Amino acid sequence: MLSMLRKNASSWFIKTILILIVVVFVLWGGYSYQERKKSHLVRVDDTYITWQQYAKAYDQLRDFYRRQMGQNFSEEMLNKLNVKQQALDLLIDHTLLLKKAAELGISVSPGELQETIQSIPAFQTDGRFDLRRYRLILQQNRMTPESFEQELAKTLILRKLEDLVMRQVTISDKEVIDYVRMIRTDKQFICVRFPWSQYESSIPVTEDDLKAYYTAHEKSYEEPEKRKIAYVLFPLSDFIGDVSVAEDELKTYYEEHRKNYHEEKAVHARHILFRVNPYASAEEVEAVKNKAQEILKLARAGQDFATLAKNYSEDPGSAENGGDLGYFTQSQMIKEFADAAFAMKPGEISDLVRTIFGFHIIKVEDVRPERYISFDEVKDSIKKTLTEHKARDKAYAKAREFADVAFASRDIIQSAAKSGFKVVSVNEWLSISQPLPDFPENQDVMRKLFNLPNKGISDIIEVKNGFIVAQVMDVQPSRILGFEDVKNRVESDYRREKAEEQAFKHASDLLERAKTLGSLEKVAGEANMKVEKSPFLNRLRPDISFGVWGDELERLMDLTEAVPLPEKPLKGMTAYMVCQWAGTKLPDEKTVEEEAKRFKPMLMEQITRSYWDGWRKSLRSQARIEVLQEL
């Protein structure tokens with residue numbers, strides 16, 4: 001079972017995507033038989049996946065990558081990741097898993113569904129389920145409660161199926177110990193680097209070379225689709241003056257949300273942290289502890305605690321502020337830290353407190369007792385909340401009225417002129433990764449606008465300060481930028497590719513000579529090449545400056561006295577490298593046994609993820625999958 005770990009290191013992604021496609025809502029009604037047939041994309045056994053389902057799944061996956069990549073997001077990146085095929089594969093998996101769950105009799109009761117919905121923060125106001133907000137959010141996204149609840153039920157069924165499958169996984173103590181011993185074994189290497197940069201300037205370049213490279217890599221120079229947008233804003237501020245809130249409403253709200261006005265006991269404290277690597281040896285832990293003890297003596301001798309924290313604390317978030325953590329409740333801190341802090345009185349300094357982060361010295365500044373905030377204290381904030389709720393309802397109603405008119409006329413500018421609303425026209429071309437200028441905090445707006453056809457009008461979109469109804473005024477399709485426009489980029493990319501090829505060739509030649517003579521150091525010396533010796537490395541503690549990560553680090557750590565040289569050069573972050581094993585340090589067995597106890601839950605999680613991934617793939621291998629139309 002451990003052998004699956006490396007091959008399926010990112011299997012957590014499956015669960016993430018299964019959650020993402022909860023929002024794939026498909027309207028099945030209103031199509032003739034022939035229209036449905038044309039819409040079919042893939043057949044999975046006796047179930048069809050439609051173009052509508054695929055389009056929405058692709059949109060959700062694209063949005064997921066956009067959030068992960070931030071400013072690095074581009075259509076080019078989506079093409080490299082083959083996101084179109086990923087979306088289709090996920091839909092196929094989703095179909096097969098639901099079918100298997102049905103065969104196993106897995107279902108979700110109405111009570112389970114209701115409890116889940118009420119626990120979703122997006123549907124809550126001040127920590128309590130808000131039916132009005134629930135319906136409003138669904139309405140804004142063109143969903144009915146019935147369709148949402150059907151899809152949510154499917155997601156809960158998938159979670160139950162996953163739990164059922166993963167409960168079959170077991171792992172022995174010996175397997176854990178063997179694994180910890182492997183990842184904690186230190187190795188040292190001698191290496192010769194072939195940096196790509198040393199080749200780039202000498203690469204001969206002609207105009208024909210660049211044009212040929214450009215032609216072969218045209219997709220890399222594609223500019224994404226862009227759009228011009230116009231919209232009408234319905235700000236809450238326009239409706240605040242039209243609403244009023246009675247005293248009885250304020251009191252009713254306070255009583256209904258009374259638990260939200262409960263303040264737990266809180267402690268205001270400072271701390272000094274001495275970090276301990278989770279994988280540190282017993283000797284390293286003892287050294288850190290001794291250092292912490294010395295500072296503890298200084299604190300108890302009367303030296304200023306804040307100054308000590310600035311000078312010695314290894315907590316970057318609080319050290320500059322003299323270790324000040326502000327007020328916190330018991331549940332907001334890790335258990336060991338909270339237990340110590342909440343047992344102290346103002347002015348007291350703790351003994352050393354050990355947590356997963358290291359050793360802490362805590363000084364309590366103040367203790368704030370548990371209490372309920374009175375109605376008078378929160379009256380103004382409740383009034384503000386209720387006023388905004390009512391204003392939001394009015395703004396939404398007005399936006400709904402306008403959206404209906406705009407849909408009918410298919411012209412937002414004309415409709416706004418007749419209705420007396422102001423249209424904001426954004427004249428610059430925007431890609432999906434650029435926020436609408438007035439709403440930079442809401443990327444979801446652009447995702448919705450890029451789902452519309454040219455001249456399409458959006459439904460009501462909620463923004464921070466109200467609602468908008470928008471129209472796509474023009475579309476500039478994605479296009480390949482001309483050679484002259486990107487010539488400099490093409491030359492840089494061409495030089496880099498050819499430099500890597502030359503570096504790999506020279507590294508490969510050196511490696512073959514080293515294999516023949518059995519000594520990298522000897523052949524490097526004959527070639528008058530610099531040889532460097534690495535620090536001792538292990539799989540948990542790679543050296544950043546050494547520049548080898550991921551699969552290449554695994555290849556490096558697989559080298560032994562019996563197999564001292566790799567099959568081919570290693571690709572580092574800036575160079576190809578030829579490395580030879582130079583020594584091994586085995587971990588202390590007592591340390592291995594202690595760490596195995598801590599590692600077992602984490603390892604169990606990794607293995608169950610891998611098992612789930614393999615089980616899911618086995619379902620697919622047994623299914624009849626027929627692609628009816630190409631993407």
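**Close-up 1. Strand β9 is mostly covered in this predicted model.** Of its 10 residues, 9 are buried. The strand spans residues 266–275. β9 pairs with β10 on one side of the order and with β12 on the other, as the sequence β10-β9-β12-β11 shows. Helix α15 (residues 305–312) lies across β9 and β12. Its course runs at about 40° to β9. Helix α14 also touches β9.

**Close-up 2. Four strands make an open sheet with antiparallel pairing.** The order is β10-β9-β12-β11. β10 (324–329) and β11 (353–355) are the edge strands, and each pairs on one side only. Neighbouring strands are turned by 45° against each other on average, direction ignored. Helix α14 (residues 282–300) packs on this sheet. There α14 touches β9, β11 and β12. The direction of α14 makes about 35° with that of β12.

**Close-up 3. Strands β9 and β12 are joined by 10 bridges.** β12 covers residues 358–368, and the two strands run antiparallel. V267 has V367 of β12 as its bridge partner. A269 stands opposite V364 in β12. L273 has H360 of β12 as its bridge partner.

Close-up 4. R270 of the chain stands opposite D324 in β10. β10 is an edge strand of the sheet.

**Close-up 5. A hairpin joins β11 to β12.** R354 has F359 of β12 as its bridge partner. β11 is the other edge strand named for this sheet, pairing on one side only.

**Close-up 6. K265 sits in the loop between β8 and β9.** β8 spans residues 262–263. K265 is partly exposed, with a relative accessible area of 35%. Leaving aside residues up to four places away in sequence, K265 touches F328, T329, Q330, F342, V367, R368, P369 and E370. One of these, V367, is the bridge partner of V267. A309 is 44 residues from K265 along the chain, and their C-alpha atoms are separated by 25 Å.

**Close-up 7. Three strands form an open sheet in the order β2-β1-β21.** The pairing is antiparallel. The edge strands are β2 (47–50) and β21 (625–627), each pairing on one side only. From one strand to the next, the twist averages 25°. β1 (residues 40–44) and β2 pair over 4 bridges. Within that pairing, H40 has T50 of β2 as its bridge partner. Helix α5 (residues 83–103) lies across β1, β2 and β21. The helix runs at about 45° to β1.

**Close-up 8. Helices α11 and α20 pack at an angle of about 90°.** α11 covers residues 207–216, and α20 covers residues 487–517. Their axes are 10 Å apart. The angle makes α11 roughly perpendicular to α20. From α11, the contact is made by E207, D209, L210, Y213 and Y214. From α20, the contributors are K487, V490, E491, D493, Y494 and E497. By class, the contact has 5 nonpolar and 6 charged residues, with no polar ones.

**Close-up 9. E552 lies in helix α22.** The helix spans residues 550–557. E552 has 18% relative accessibility, so this residue counts as buried. Buried here means under 20% relative accessible area. E552 touches P569, L570 and K571, not counting residues up to four places away in sequence.

Notes
Residues numbered from 1 in each chain as written. Predicted model: local features only at pLDDT ≥ 70, side-chain atom pairs only at ≥ 80, totals over all residues. Heavy atoms only, no water. Axes fitted to C-alpha atoms, helices over the stretch in contact; angles between N-to-C directions. Parallel < 35°, antiparallel > 145°, perpendicular 65-115°, else oblique. Contact = heavy atoms within 4.5 Å. Nonpolar A, V, L, I, M, F, W, Y, C, P; charged D, E, K, R; others polar. Pairing = 2+ DSSP bridges. Buried < 20%, exposed > 50% of the residue type's maximum accessible area, 1.4 Å probe, protein only.
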